[in-house]
Amino acid sequence: MVDRQYHLQFDSQRAADVDAYLEYTRIVGEDDHGVTFTPEQYEEYKRRVIPMRINNRLFTSWTTPSGMDCKLIGPQTLCFCNHRYYQHKTDFDAIPSERPIKLPCMVNGCPCRSYHYMPLNGTQPVRCTCKHFPDMHSVVEPYKCKQGSCRCGGYRTAFTCSCGQPAYNHSMIVETKKERIARGHPVGQDVPYKAMGGLTGFSSLMEGYQRLDESGIGAPNEEFLNQPITSLDHPFLRSNVQSIRAYKLAAGAPDFADDDAERISATKWPGESDMDYFERRFQERKRLEKQRARLGSGPSPAPIRFAQRAVQGRGANGALPPNMAVNGGSIMAGPSRNDQAGTQPSGSGGRKAVGKGGVVGKKFVKK
Ligand SMILES: [Zn+2]
Ligand SMILES: [Zn+2]
Ligand SMILES: [Zn+2]
Ligand SMILES: [Zn+2]
Ligand SMILES: [Zn+2]
């Protein structure tokens, strides 16, 4: 077995060539009919096709009646006709006016009239209720079984999707950007690639129930990514302040002094006990939150920012919003559990419990 393995080694030029070819196949798909375009033809093709893709992109998804896209169709997703999505017609000079929009298969001799997602159980095709596999059925609606004596009236499976609905309750949706926005689903960024279907972000390949967030909407903006790291952030981010600084200095950026105070305060003072340190850090965090609340437009921007970070993937799961940490604290405090829970601690009465809450919350977060 070992002697049959290949070890490919590329220098940087050849690696770049491989990347260029990959990019080429993603843009062209099978539009070159197996004969690679010359550079001139390629440029000409891109000039003609890319504006079309950006203006007339169609978003394809397999959707449950509640509106959740259980499966977002990508270029390599199989159709019922056993060809992939990119082998179907997806580029349109003008968006067709009739609905539903038909995406016929472009493979020679394939009678498939429109892309139709076939649910898979893992990687396995699921049998029809007539016990025959999907490829024994006609690829034209109503997908009748072709097995000699089988009286199946059309492919139908008892398979239950991960959303809890049977597969036959789902429908194929082919929609324009406008229609998708109106439905409240992410459209991502404009891309030059062929047959991107419903893929709009990194989470698009997950199943619908795992993807109930807006992270498919694209990368967060520069300002969001470059905001200084403060004691409100997850310990993992805070522990990397020094390496981020070193990286920025090496890249020739001016030293960022705006969070010097934060960095100094994040280290333990000589002689300070663990409890004192966490108490001090918690009080600082409360102060910062109040400051933010005063500056910000909303009633309490800090927790919102937390939530946003969690969604955008910057704050990891360990980062509790501040009021959750407080609740945790009051639970630990015991007798005052019920009257503390859920209230924002501002009066002096709740102060002590809050302080402890900070300690407990912090320790919890640190783990
Ligand atoms: Zn086909
Ligand atoms: Zn097809
Ligand atoms: Zn059958
Ligand atoms: Zn059947
Ligand atoms: Zn589903």
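Which residue just after helix 6 takes a positive phi? In this predicted model, that residue is G252, with a phi of about 90°. Helix 6 itself spans residues 241–250 and is hardly covered. Among its 10 residues, the count of buried ones is 0.

Stepping back to the whole chain, the protein holds 12 helices and 5 strands. Buried residues account for 23% of its 367 residues. As for how the chain meets itself, take the contacts with a separation of 6 or more: 58% of them join residues 24 or more positions apart.

Two of the strands can be followed in some detail. Strand 1 covers residues 58–63 and strand 2 covers residues 69–72, and the two pair in the antiparallel sense over 3 bridges. One residue pair can be picked out here: W62 has K71, in strand 2, as its bridge partner. The two strands make up a hairpin, with 5 residues lying between them. In that turn sits G67, which also has a positive phi, in this case about 100°.

Then there is the matter of confidence. The mean pLDDT of the protein is 75, and 72% of the residues reach 70 or more. Over residues 297–367, though, the pLDDT is below 50. That stretch still has 94 contacts in the model beyond near neighbours in sequence. Where pLDDT is low, the predicted coordinates are not to be read in detail.

Technical notes
Residues numbered from 1 in each chain as written. Chains lettered and ligands numbered in written order. Predicted model: local features only at pLDDT ≥ 70, side-chain atom pairs only at ≥ 80, totals over all residues. Pairing = 2+ DSSP bridges. Helix = DSSP H or I, 4+ residues; strand = E, 2+ residues; numbered from the N terminus. pLDDT = per-residue confidence, 0-100. Contact = placed C-beta atoms within 7 Å. Buried ≥ 20, exposed ≤ 12 C-beta atoms within 10 Å, placed from the backbone.
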